[in-house]
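Here are my notes for you on this one. Have a look at the chain before reading on, and keep the picture open while you go through the points.

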Amino acid sequence: LTSALKYSYFSEQLGVQGRDHYYRPLLTFSFLLENKLWGIKNTTLRLSNLLIFFLSLVFLYAFLKVYSDRVYLPEITTLLFALYPLNCENIVWVVGRGDLFLLLWGSLTFLFFELFLKKGRPLYLAGSSAFFFLGVFSKETFILFLPLLLLYERLRRRKVTWPFHLTNACFILFFFFVKNLALGIKNIKMVYLPGSLENLRAGLGTLGYYFRTMIFPIRYDMFLPVTEMSRTLFLIFGLLALACIAGLVVWAKKDKDVALPASLFIVFWLG
């Protein structure tokens with residue numbers, strides 16, 4: 001089982017400059033553990049994903065119950081997560097377990113952090129950091145939770161627990177240190193398009209791609225090359241996305257209750 005720490009996620013399939021950069025030890029560990037217990041089978045792999053999803057929803061619901069006393073808010077939000085079509089794909093597409101881990105560890109991270117804010121017990125803070133650690137080692141996208149937690153605390157109580165956030169930042173640095181050491185990564189060359197306008201169009205189109213996916217989650221294209229992001233459809237949705245972000249900013253200035261969800265949404269979306 002310790003092999004999960006020694007090797008990358010794929011073997012000479014995907015990567016940058018001929019080297020695989022997918023390093024998700026806990027995700028790999030879960031597959032190795034299943035193989036040890038009952039073998040790799042289609043049914044059990046998906047049942048495990050479904051179980052992780054159920055647990056994620058339970059802890060998401062628990063966090064929302066602690067966070068707010070508004071009637072039916074936890075129930076409605078959890079139900080939206082449960083029925084959102086893209087989450088079904090994370091169950092059926094076995095390697096989508098990485099995203100399910102994001103929801104599981106993310107919900108637990110926020111639940112324990114909110115308990116700390118409410119009760120002030122350091123043990124809850126330590127628990128939140130522990131789940132943050134598990135999240136980063138499940139999928140590197142979890143690093144987005146660092147600014148999310150920072151914004152969450154700043155807007156919730158106008159102060160910041162710096163030791164907590166700095167500890168989480170150190171976990172991120174430690175992850176990339178272990179990853180680079182295990183995979184022998186020395187340098188990653190950034191490759192840009194020839195013109196600045198082309199880069200801008202690609203960025204705007206990518207934003208539009210995710211915006212379209214959020215609105216129409218039933219079907220979407222995967223693994224598109226960057227050049228495809230300059231299509232007119234994605235550019236139009238990109239402009240709509242920018243208009244939506246601008247609208248959220250204006251709305252948040254008028255209504256303070258909107259500031260927290262708008263900030264979290266924009267940071268996660270732009271990331």
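1. Let's start with a term: a residue is buried under 20% relative accessible area, exposed over 50%, and partly exposed in between (1.4 Å probe, protein chains only). With that in hand, look at R158, which is exposed because its relative accessible area is 59%. R158 sits in the loop between α7 and α8, and has a positive phi of about 60° although it is not a glycine. Helices such as these are DSSP runs (H or I, at least four residues), as strands are (E, at least two), and they are numbered from the N terminus.

2. A word on what you are looking at. This is a predicted model, where local features need pLDDT of at least 70 and side-chain atom pairs count only at pLDDT 80 or more, while totals for chains, interfaces and linings use all residues. Residues are numbered from 1 along each chain as its sequence is written, and side-chain values use heavy atoms, with hydrogens and water left out.

3. Y72 is another one to check: this residue is not a glycine, yet has a positive phi of about 70°. You'll find Y72 in the loop between α2 and α3. Y72 counts as exposed because its relative accessibility is 57%.

4. Now the inside. A nonpolar core is a set of buried Ala, Val, Leu, Ile, Met, Phe, Trp, Tyr and Cys residues joined through side-chain atoms within 4.5 Å. The largest one here has 44 residues, and those touching the most other members are W105, F110, F113, F132, V136, F142 and Y152. Two or more residues each come from α1 (25–37), α2 (42–67), α5 (97–119), α6 (122–136), α7 (145–157), α8 (162–183) and α11 (256–270). The largest share, twelve residues, is from α5. Apart from this core lies another, of eleven residues, including A241, I245, V258 and A262.

5. What does F142 contact, leaving aside its neighbours within four places in sequence? Contact means heavy atoms within 4.5 Å, and the partners are L102, W105, G106, T109, F131, F132, G135 and V136.

6. On to helix pairs. Two packed helices are described by the angle between their axes and the distance between the axes. Axes are lines fitted to C-alpha atoms (for helices, over the stretch in contact), and angles run from 0 to 180 degrees between N-to-C directions. α2 and helix α3 (residues 73–83) pack at about 155°, their axes 9 Å apart. The two are therefore roughly antiparallel; the cut-offs are under 35 degrees for roughly parallel, over 145 for roughly antiparallel, 65 to 115 for roughly perpendicular, and oblique for the rest. On the α2 side, F53, L57, L60, Y61, L64 and K65 meet P74, E75, T77, T78, F81 and A82 of α3.

7. In α10, the residues A241, C244, I245, L248, V249, W251, A252 and K254 meet K256, V258, A259, A262, F265, I266, W269 and L270 in α11.

8. Last, L204, in helix α9 (residues 196–215). L204 and L242 are 38 residues apart along the chain, with their C-alpha atoms separated by 8.7 Å. Beyond its neighbours within four places in sequence, L204 is in contact with F234, L235, G238, L239 and L242.
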